[in-house]
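Here is a guided look at a protein and its ligand. Take a moment with the sequence and the picture, and then we will walk through them together.

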Amino acid sequence: MVMNNTSSFLKSLVDIECVKFGDFTLKSGKKSPIYIDLRNIVSYPKMLAELSVFFETHISKEIQRICGVPYAALPMATAVSINTNLPMLIKRKEAKNYGTKKIVEGEFKKGDKVLLIEDVITSGESLLETITELESEGLAIEQILVVLDREQGGSDRLKAKGYEVQSLFTISSLIKILFEDGKIEEKLYHDVLNFIHDSQITTPVVKSKKKLAKTHPNAIGQQLLNIAHAKKSNLIASVDLTTSKEVLDFLAKVGSGICAVKLHVDIITDFSHDFVLELRSIAQKHNFLIIEDRKFADIGNTQLLQLSKGIYSIASWADMVTIHLIAGEASLKAIQDWDTDKKPGLIPIIEMSSQGALTDKHYMDNCKKFMYKYSDVLGGVCQTFEIDTPFLKFTPGVNLASKGDDKGQQYNTPEFVIETLRSDFLIIGRGLYASTQPEVEIEKYLAAVRSCDIY
Ligand code: S5P
């Protein structure tokens with residue numbers, strides 16, 4: 001029989017160094033008087049069992065499955081599962097080989113009600129990531145139990161998205177008990193309270209598409225923003241398929257959920273004028289724009305020829321094109337100065353998603369020095385680089401089910417790209433077109449981006 005006593009349990013957390021006091025420097029560079037890492041509990045089975053009893057008193061009757069946020073909460077979830085006989089699921093954390101491994105291990109059916117267990121909540125980022133992945137598998141998040149709330153804004157953030165977080169302990173209740181029991185001095189008690197007060201994580205302000213459209217300098221950019229607002233979608237499907245039929249069939253399935261399609265027209269084996277006509281017609285039907293990802297990277301004169309001539313005659317049908325700025329300002333200016341009836345909006349590639357990309361800070365800062373001067377420029381393709389408002393940030397390397405491929409591509413989740421990288425538009429390739437049911441898959445991406453409230 002496991003005895004349960006809050007005060008003795010919390011004091012034991014200090015004894016086994018899951019809670020430490022001192023002068024710590026956090027990843028952010030900020031100083032903290034307290035350090036919390038509950039992973040060490042695995043070395044103390046009795047405490048793990050005790051923790052499980054704390055959890056059990058809170059579990060809702062509806063729960064059908066238990067899942068721990070990897071890794072710290074996995075043994076906790078296991079202990080609860082054994083004690084309650086509620087079956088457990090494991091959500092993978094490590095990179096998966098594309099399409100070969102499941103993201104959730106264990107038996108379940110769609111709609112199963114899940115209890116999600118987490119050790120510590122700070123910003124709520126890892127909980128949100130796990131929630132998105134479990135929901136994309138059809139599971140319903142019924143209850144979220146956390147051992148310790150650091151009270152820095154994470155639970156409020158989840159609440160704003162409709163998820164209630166219940167915590168066994170809060171950092172202030174922890175230090176209050178430790179102070180009252182004489183385990184810490186009064187000064188330290190107040191230092192920790194002040195630290196909590198000064199460490200609130202503010203939810204990133206995501207730019208509204210409607211507001212941006214009003215100030216965006218480029219008409220095509222405004223059109224893209226208005227479509228995104230109207231369709232409540234900032235998703236751009238990158239269709240790297242190689243026949244006209246495949247491209248058009250795919251767009252018929254996802255067209256209603258995207259604000260633009262991005263093509264690599266030079267990989268389409270049967271490219272023709274008819275294809276362009278059909279493409280434009282489907283784009284009009286579903287109200288999305290067309291980006292040709294040509295990544296121009298030459299001297300001005302050559303770029304104008306590549307835009308207007310050859311079998312593709314890109315400028316005659318593309319609403320936007322991508323362009324590298326490696327050739328310098330004059331090459332960009334050449335397009336800006338090009339006097340023609342039909343000129344696509346320009347999306348410079350500032351920072352690439354691939355492993356080892358040479359687009360370092362020096363390069364990006366140099367792009368920044370001149371790119372905003374040209375009204376043909378809509379914004380930029382980048383990852384961490386910050387785009388100045390009202391220009392637009394486009395981010396590829398987005399995938400719900402994979403962390404990367406074996407050819408250097410690196411992926412982030414839609415939520416991370418919106419909330420942390422603060423991107424305006426997400427470019428999704430294989431995440432959609434490699435799916436056997438893209439019309440189903442796109443709903444998962446839409447649910448993820450819509451949960452970020454960006455319209
Ligand atoms: O940095 C970049 C820039 C681009 S435009 N990284 C990218 O992956 N892209 C393009 O986005 C790439 O050429 C491909 O068409 C798409 C990503 O496809 P996915 O299948 O990896 O999602």
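Is Ile290 buried or exposed? Ile290 is buried, because its relative accessible area is 0%. Here buried means under 20% relative accessible area, exposed means over 50%, and partly exposed lies in between, using a 1.4 Å probe and protein chains only.

## Before we start

This is a predicted model, in which local features need pLDDT of at least 70 and side-chain atom pairs count only at pLDDT 80 or more, while totals for chains, interfaces and linings use all residues. Residues are numbered from 1 along each chain as its sequence is written, and side-chain values use heavy atoms, with hydrogens and water left out.

## The chain as a whole

The protein chain holds 17 helices and 16 strands. Both are DSSP runs numbered from the N terminus: helices are H or I with at least four residues, and strands are E with at least two. Along the principal axes, the C-alpha atoms fill a box of roughly 80 × 45 × 35 Å.

Of the 455 residues in the protein chain, 52% are buried. Among contacts with a separation of 6 or more, 69% are between residues 24 or more positions apart. A contact means heavy atoms within 4.5 Å.

## Around Ile290

Ile290 sits in strand β11, which covers residues 289-296. Setting aside neighbours within four places in sequence, Ile290 is in contact with Val261, Leu263, Leu279, Arg280, Ala283, Trp317, Ala318, Asp319 and Met320.

## An open sheet and its helices

Six strands make an open sheet with mixed pairing, in the order β5-β4-β3-β6-β7-β8. Two strands pair if DSSP finds at least two bridges between them. The edges are β5 (104-105) and β8 (165-170), each pairing on one side only. Strand β7 (residues 140-149) runs parallel to β8, and five bridges join them. Leu148 has Phe169 as its bridge partner in β8. As a general point, strands of a sheet pair through backbone hydrogen bonds, either parallel or antiparallel.

Helix α4 (residues 125-136) lies across β3 (65-68), β4 (88-91), β5, β6 (113-121) and β7, at about 160° to β6. Helix α6 (residues 171-180) lies across β7 and β8, at about 20° to β8. For these angles, axes are lines fitted to C-alpha atoms, for helices over the stretch in contact, and the angles run from 0 to 180 degrees between N-to-C directions.

## Lys91 in the sheet

Lys91 belongs to strand β4. At 4% relative accessibility, Lys91 counts as buried. Leaving out neighbours within four places in sequence, Lys91 touches Cys67, Pro70, Ile103, Val104, Thr130, Glu133 and Leu134. With Glu133 there is also a side-chain polar contact of 2.6 Å. A polar contact is a pair of N or O atoms within 3.5 Å; within protein, one must be able to donate a hydrogen and the other to accept it, and residues adjacent in sequence count only if both atoms are side-chain atoms.

## Strand β9, enclosed

Strand β9 (residues 235-239) is largely enclosed by the rest of the structure, because five of its five residues are buried. Leu235, Ala237 and Val239 point one way, while Ile236 and Ser238 point the other way.

Three bridges join β9 to β16 (residues 425-428), where Leu426 is the bridge partner of Leu235.

The ligand is surrounded by 14 residues, and the closest are Asp240, Ser353, Gln409, Tyr411 and Arg430. A residue is near a molecule if one of its heavy atoms lies within 4 Å of it.

A polar side-chain atom of His264 lies 2.9 Å from a ligand oxygen, and a side-chain N or O atom of Tyr411 is 2.7 Å from a ligand oxygen. Gly429 contributes a backbone N or O atom, 3.0 Å from an oxygen atom of the ligand.

## Cysteines

How many disulfides does the structure hold? The structure holds zero disulfides, a disulfide being a pair of cysteine sulfur atoms within 2.5 Å. For Cys367, the nearest cysteine sulfur is that of Cys382, 9.9 Å away. Cys367 is buried, with a relative accessible area of 2%.
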